[in-house]
Amino acid sequence: MRIATFWAARAFLLTTRVAPAYYTNIVIDGQFDDWVGVPVVTVDMAGDGGNGPDLASLQVANNASNLFLRIVYHAPVNPNESGKPATLIALDNDVSLGTGYNIFSMNIVGSEASWMSDEPYQQAAGVVYSGDITGGDALIAPYNVATTNQEYAIPFSAVFNAGGDVFPSDTFRLLVYTSSTTAYETMGPVTYTRTRLIEPAAFSQLLLTNVIAFRVTNSAPTATYSLESAAQPGPTNWVATGFRAQGNGGDLLLYDPTGVSTVNLYRVMAEAP
Ligand SMILES: [Ca+2]
Ligand SMILES: [Ca+2]
Ligand SMILES: [Ca+2]
């Protein structure tokens, strides 16, 4: 029994990629230069799209407010054309098969929400459509034209009309699939953890640190050099900075490892062996 459980778990892990988080600001304009450097998190073979879109690759990124997807197709297709097979995104928002809709009964995602083209809706166990979503429409470009590339922005602020956040946690699972009735075309799933920008550290003054070096030319290999510091003027209480180095016969650089002071005086001491 334990062995069977192990293999089942392993098979599942093999099909679920963990996508690296990537913070960037994507502009949904149908131009893809802003995707340079964003990791491709999953790929899918050519020729298995049936009568619908033939999925090729997926990139995922986010910023503070949106999840960004780039879906690439093997052949030009209009995935937004009314009455034709569409591209859908499934969101397993708790990374649990035990909740949500089991897409294609594949046992790879339990989807709490899907987007068909730009329209999101709620899903539940055994229920392909279980309610509407507010504020979750996807922005897609190019839209409703034949293309091999689409970029999506999906707002993290989306809420279920029945109550609750569509993205209740930073980690979720995505599956791209199509509504082709013949292909069961999928790409993924991938588990993605939303990354949050750490603001640049605030500073109130320019502090020079040990990037400043004191140079002794023609240092003696037989001497040990050290750096001392003291408050000016007329210092009588020189304090060792802690920096000591053997001479090298040429230029010797000395640093203040505590951070160079812009108001103190420094002196270099040379000790005989
Ligand atoms: Ca763009
Ligand atoms: Ca494919
Ligand atoms: Ca779920």
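## The open sheet

In what order do the eight strands of the open sheet lie? The order is β1-β15-β14-β5-β8-β9-β10-β13, and the pairing is mixed. Two strands sit at the edges: β1 (17-19) and β13 (159-160). Each of these edge strands pairs on one side only. Strands of a sheet pair through backbone hydrogen bonds, either parallel or antiparallel.

Look inside this sheet at β8 (residues 113-116) and β9 (residues 119-124). They run antiparallel and are joined by four bridges. One bridge partner pair is Ala113 with Gln122 in β9.

The protein chain has an average pLDDT of 89. A score of at least 70 is reached by 89% of the residues.

The start of the chain is another matter. Over residues 1-14, pLDDT stays under 50. The model gives this stretch zero contacts beyond four places in sequence. Where pLDDT is low, the predicted coordinates should not be read in detail.

## Strand β12 and its partners

Strand β12 (residues 147-155) runs antiparallel to β4 (residues 66-77), and eight bridges join the two. Strand β11 (residues 139-141) also pairs with β12 in the antiparallel sense, over three bridges.

Phe68 stands opposite Ala153.

β11 and β12 form a hairpin, with five residues between them. In the turn, Asn144 has a positive phi of about 60°.

## The nonpolar core

In soluble globular proteins, nonpolar side chains tend to be buried together. Here, the largest nonpolar core holds 41 residues. Those that touch the most other members are Val60, Leu69, Ile89, Ala90, Leu174, Leu175 and Val176.

Which strands supply at least two residues of this core each? They are β3 (55-62), β4, β5 (87-92), β8, β12, β14 (171-178) and β15 (186-193). β4 gives the most, with six residues.

Now take Ile89. Leaving aside neighbours within four places in sequence, Ile89 is in contact with Leu69, Ser114, Trp115, Leu174 and Val176.

## A look at Arg267

Arg267 lies in strand β20 (residues 264-271). Is Arg267 buried or exposed? It counts as exposed, because it has 12 C-beta neighbours inside 10 Å, and the cut-off for exposed is 12 or fewer.

Arg267 still has partners from elsewhere in the chain. Not counting residues up to four places away in sequence, Arg267 touches Glu228 and Trp238. Phe214 is 53 residues from Arg267 along the chain, and their C-alpha atoms are separated by 9.2 Å.

How values were computed: Residues numbered from 1 in each chain as written. Chains lettered and ligands numbered in written order. Predicted model: local features only at pLDDT ≥ 70, side-chain atom pairs only at ≥ 80, totals over all residues. Pairing = 2+ DSSP bridges. Core = buried A, V, L, I, M, F, W, Y, C linked by C-beta atoms within 7 Å. Buried ≥ 20, exposed ≤ 12 C-beta atoms within 10 Å, placed from the backbone. Contact = placed C-beta atoms within 7 Å. pLDDT = per-residue confidence, 0-100.
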